[in-house]
Amino acid sequence: MSLISTMIKTYKSNNLNKNKIDKLVNSITDNQYNINVYDMYINNVSMAIQDALTPPFLSDNKVVIIKNPLFLTKTKMEIEHNIDMLINYLDNVEETTYLIIDAGGLKVDENTDTTMSINKIVCLRNLFIFLLHSFIVYQ
């Protein structure tokens, strides 16, 4: 695989979101040791990025899922997320890792610096963005 797929999923239905993510994850790897989920209510985004930087375990690919990315909204957060680490990661992705940012049920603010930076990087690197509210791209 030559590049990572970074996906921002913002489906209104959490069941639809979970089903789509499960189907996508199963198509990438069936090794449960290479599927890691981080909830941004309790984990700093830096934990997920550190995991994304490590090579997969006995497999060709791994999946890191970031759930509840409040840093993409205007919501006040209890955790001070290391957004610079996320941006730096997207600039220098690990080619064996699929990073999925699951914003299902959240109102993503397209005008925050974080969202604009992620969108800019993702578009420049020809990675994939999934935004049900505007368009879906899947290859």
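## Terms and model

Contact means heavy atoms within 4.5 Å. This is a predicted model, in which local features need pLDDT of at least 70, side-chain atom pairs count only at pLDDT 80 or more, and totals for chains, interfaces and linings use all residues. Residues are numbered from 1 along each chain as its sequence is written, and side-chain values use heavy atoms, leaving out hydrogens and water.

## Overall build

The protein has 4 helices and 6 strands. Both are DSSP runs, numbered from the N terminus: helices are H or I with at least four residues, strands are E with at least two. From the N terminus, the order is β-α-β-α-β-α-β-α-β-β.

Of the 139 residues, 51% are buried. Buried means under 20% relative accessible area, exposed over 50%, and partly exposed in between (1.4 Å probe, protein chains only). Among contacts between residues at least 6 apart in sequence, 79% join residues at least 24 apart.

## Met 116

Met 116 sits in helix H4, residues 113–124. Its relative accessibility is 41%, so Met 116 counts as partly exposed. Setting aside residues up to four places away in sequence, Met 116 touches Glu 110 and Asn 111. Leu 72 is 44 residues from Met 116 along the chain, and their C-alpha atoms are 9.3 Å apart.

## Asp 109

Asp 109 belongs to the loop between strand E4 (97–102) and H4. Asp 109 counts as buried because its relative accessibility is 12%. Apart from neighbours within four places in sequence, Asp 109 contacts Leu 72, Thr 73, Lys 74 and Thr 115. A polar atom of the Asp 109 side chain lies 3.0 Å from the backbone nitrogen of Asn 111.

Notes. A polar contact is a pair of N or O atoms within 3.5 Å; within protein, one must be able to donate a hydrogen and the other to accept it, and residues adjacent in sequence count only if both atoms are side-chain atoms.
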